[in-house]
Amino acid sequence: MDEEVLDKAVYLYLKKKGFTQTEQIFQQEQQNKNNKNSTSSISATDVSLSDPDLAKQILAFSQSESIPTLYHDGYSKLRSWTYSSLDLYKHELLRVLYPVFIHCFMDLIAKGHLQEARAFFNTFREDHEMMHSRDLTKLEGVLSPSHLEEMEFAHTLRQSKVNIKICQYSYDLLLQYLHKTQSITMLGIINEHIDFQVSPGQPSSISDDAEAFSLVGSGQDAANLINQKEIHWGLLEDCLEDRLDKAGGLLSDSEKTEGEGKEGELDENKKKSTEGGKQGGPLKKLKKDKVVGGAGKAARGEGEKSTAAPRVKPELTLPTISTDVEHSILEDLRNRVQLNNSTLPSVSFYTFINTHNGLNCSSISHDGSLVAGGFSDSSLKVWDMAKLGRMGSSVLQGENDENTHGSNSGKRSYTLYQGHSGPVYSASFSPFGDFLLSSSSDSTIRLWSTKLNANVVCYKGHNYPVWDVQFSPLGHYFASASHDRTARIWSMDRIQPLRILAGHLSDVDCVQWHMNCNYVATGSSDKTVRLWDVQTGECIRIFIGHRSMILSLAMSPDGRYMASGDEDGTIMMWDVSNGRCVTPLVGHTSCVWSLAFSCEGSLLASGSADSTVKLWDVNTSVKTPKTEDSKSGNTNRLRSLKTLPTKSTPVYALRFSRRNLLFAAGALSTNV
């Protein structure tokens, strides 16, 4: 009976895999053996007599092809073994369970065992609810084999390998268990769908778990290869900081005296806040530096980040800045307040009231004079702070305010922009406040003139809702991020995109320009951030480590560092030059919707749905890992300087003005 079972198992396998010639030969050999015409015929049973282990393997393999309970039993045993492991290795071994769980489920679906797959999913899903609830919700919709191909997320999982960091001890333990228990099904899934990054020595600390699990479509090796590409992260040649240095040298004697008088008031405050620091030099030298370099050198603070940054050539043809605008910006730079861990910024918070959950996004102009709100009723509204002050109102009225919708349009406290045919998801002011971009679920981007209060252009290119749009630091060019998994580069004077940036595995949720305009960063629901070369449209960095979708990005003023915030409330600081995470900043309890670096790059502000603004010390956060690389823990890398709670207002937008005043905006919520 055993011989028949073995032969049948081999025959069914050959037939299923389509090995028709081998199947025919095998049948002929079987017939020859049965007829006893030949003594030299070979069958699976002959081999099994000399190697009983092989017979067991063949039977086990044939059973795994047909019996869905093997998946349930195999995973259940692996789960029990993992949870009973030594605490030192448990947190690393637990990382293996999630990818094995989802691939067991999808294998059962692919083989047509739909009821068993559903029972398996419901039995073990609780283990992964906390870390992967969004993914599980998507997988819950997989109900037939065709869904595995049709559903983008499931198809991506099937085609990609999961990267898991694990130490040599944990890796050896896992292999030893799989071979000892002969868990062929589990071993097959792990071999096919998991790519282990084995490190020598002891396990990493639990606090490093955030960087231990990632899904990359092209595999970790390809990501490492991309991250080795050359990148020029410095500031542009002849940037405003350089012009400020030159302008400082050209000031007349009277202007110098005037400048010294203005800066004298600041010097008193500076002396108090920078005792013992690099700026605590002689007052005479400080004044001289301030007149010559303004905010360019003395006001850079610790490390003189922006002045130390290398200068690079622009890859795009950049717009020229008018003399008046340049003088205005230089004046702001001269009067910039130097921020550090002891001198925190003043904050101006704009609160929208009576929006009744209709506000989707907000944007603040560089000088804080204009505030825009994008609403679910397809409207875009812009408030002029100067006019609002004259009207004697200190709040931004929402869509249901009677005063703003009366027959007398003169009573309106805002300018209404109408043109979109779907909810407005993003708005972005140009660097000089004369234009405003908005993106919508109607898959279009619109350019509005704040001088004419009219729609100038409608840009069509995306096929699905556009989640984010951002002007470049010098205007004229802008980038958009969409549900169609692409980001696009545009210029104001062309209605078609200049570049299409494709490569993300899911929605592109946010976009951010590098300070030198040569690169664009995109954050996605696939839990990765990518950096793209604007000139070639090529991906040159993949930042891996987030555990949920990325909702916000910010670039440091010198272009060296990038911060990204996700749905779980985690912020990560990245080194653009090598693609590595410098430090995770943990503190928010909900989505991080907005990030902003101060003008000299010493502070990072983060705004969250938990109704707080947090200020982080960038200098400490960036420098600490360099001295602690040998240590396994990273819980001490961050430094949160201050948490600024609102009464009940989730923070939609943040912006530092050129003089380092922090602007923030959000809608008052009764649900928080």
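**Close-up views of a predicted model**

**View 1. Four strands form an open sheet in the order E7-E8-E9-E11, with antiparallel pairing.** Strands, labelled E, are DSSP runs of at least two residues, whereas helices, labelled H or I, are runs of at least four, and both are numbered from the N terminus; two strands pair if DSSP finds at least two bridges between them. The structure is a predicted model, in which local features need pLDDT of at least 70 and side-chain atom pairs count only at pLDDT 80 or more, while totals for chains, interfaces and linings use all residues. Residues are numbered from 1 along each chain as its sequence is written, and side-chain values use heavy atoms, with hydrogens and water left out. Strand E7 (359-364) and strand E11 (415-418) stand at the edges, and each has a single partner strand, so one side of each is left without a neighbour in the sheet. On average, neighbouring strands of this sheet are turned by 20° against each other, direction ignored. Within the sheet, strand E8 (residues 370-375) and strand E9 (residues 379-384) pair in the antiparallel sense over five bridges, and Gly373 stands opposite Lys381 in E9.

View 2. E20 and strand E21 (residues 519-524) pair in the antiparallel sense over five bridges, and the bridge partner of Trp513 in E21 is Val520.

**View 3. Ser524 lies in strand E21.** Ser524 is buried, with a relative accessible area of 0%, where buried means under 20% relative accessible area, exposed over 50% and partly exposed in between, with a 1.4 Å probe and protein chains only. Not counting residues up to four places away in sequence, Ser524 touches His504, Ser506, Asp507, Val508, Asp509, Met549 and Ile550, contact being defined as heavy atoms within 4.5 Å. Ser524 and His504 are 20 residues apart in sequence and 6.9 Å apart in space, C-alpha to C-alpha.

**View 4. Helix H5 (residues 69-83) packs with helix H12 (residues 184-193) at an angle of about 80°, with their axes 8 Å apart.** The axes are lines fitted to C-alpha atoms, for helices over the stretch in contact, and angles run from 0 to 180 degrees between N-to-C directions. H5 and H12 are therefore roughly perpendicular to each other, a term for angles of 65 to 115 degrees, with those under 35 counted as roughly parallel, those over 145 as roughly antiparallel and the rest as oblique. The contact is made by Leu70, Tyr71, Gly74, Tyr75 and Leu78 of H5 and by Thr185, Met186 and Ile189 of H12.

**View 5. The axes of helix H6 (residues 87-110) and helix H10 (residues 152-159) come within 11 Å and cross at roughly 105°.** From H6 the contact involves Ile102, His103, Met106, Asp107 and Ala110, and from H10 Ala154, Leu157 and Arg158.

**View 6. Helix H18 (residues 323-334) has twelve residues and reaches 16 Å from its first C-alpha to its last.** This reach is close to the 16 Å expected at 1.5 Å a residue, the expected span being 1.5 Å times one less than the number of residues. The buried residues of H18 are Glu326, Ile329, Leu330, Asp332, Leu333 and Arg334.
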